[in-house]
Amino acid sequence: MAYYIKHNSAPFGPYENEHIKTLITQGKVTANTELSEDGITWKLCKDFSVFGDMFVRHITIPLLYLC
């Protein structure tokens with residue numbers, strides 16, 4: 001699947017999803033970057049299931065033992 005990226009209100013692309021993942025890893029695409037599959041309908045990168053997991057932060061919560 002290919003996606004367009006909106007930057008400064010202008011669309012760029014399309015780019016394959018592996019390239020988008022690389023841009024996410026490099027910090028060039030963020031969770032709030034707008035993407036589109038068709039160049040018409042836009043939504044945030046974090047809202048695409050294929051990319052959303054890349055923005056999940058894992059939190060470690062220590063277990064408390066009460067005596």
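These are my notebook entries on a predicted model of a protein.

**Ground rules**

I kept in mind that this model is predicted, that local features need pLDDT of at least 70 and side-chain atom pairs pLDDT 80 or more, while totals for chains, interfaces and linings use all residues. I also noted that residues are numbered from 1 along each chain as its sequence is written, and that side-chain values use heavy atoms, with hydrogens and water left out.

**Entry 1: the overall layout**

I began with the secondary structure and found 2 helices and 4 strands. Helices here are DSSP runs of H or I with at least four residues, strands are runs of E with at least two, and both are numbered from the N terminus. Read from the N terminus, the order is β-β-α-β-β-α.

Next I looked up burial: 24% of the 67 residues count as buried. Buried means under 20% relative accessible area, exposed means over 50%, and partly exposed lies in between, with a 1.4 Å probe and protein chains only. The accessible surface comes to about 5300 Å², and 55% of it belongs to carbon and sulfur atoms. Those areas come from the Shrake-Rupley method with a 1.4 Å probe, and for residues only the protein chains shown count as cover.

**Entry 2: the sheet**

Two strands pair if DSSP finds at least two bridges between them.

I then checked one pairing up close. Strand β3 (residues 34-36) meets β4 in the antiparallel sense over 2 bridges. Glu-34 has Leu-44 in β4 as its bridge partner.

**Entry 3: the aromatic rings**

I searched the whole structure for aromatic pairs and got 3. Rings of Phe, Tyr and Trp (its six-membered ring) pair if their centres lie within 6.5 Å; planes under 30 degrees apart count as stacked, over 60 as edge-to-face and the rest as tilted.

Tyr-3 and Phe-48 have ring centres 5.3 Å apart and planes at 80°, so I logged the pair as edge-to-face. The pair links distant parts of the chain, 45 residues apart: Tyr-3 is in strand β1 (residues 2-7), and Phe-48 is in the loop between β4 (43-44) and α2 (49-52). Phe-48 also pairs edge-to-face with Phe-51, at 6.4 Å centre to centre and 65° between the planes. Tyr-3, Phe-48 and Phe-51 form one aromatic cluster.

Lys-43 lies over the face of Phe-48, 4.5 Å from the ring centre. A charge sits over a ring if NZ of Lys or CZ of Arg is within 6 Å of the ring centre and within 35 degrees of the ring normal.

Setting aside neighbours within four places in sequence, Phe-48 is in contact with Tyr-3, Leu-35, Ser-36, Glu-37 and Lys-43. Contact means heavy atoms within 4.5 Å.

Last, I visited Val-50 in helix α2. Val-50 is partly exposed, with a relative accessible area of 28%. Beyond four places in sequence, Val-50 is in contact with Tyr-3, Asn-17 and Lys-21.
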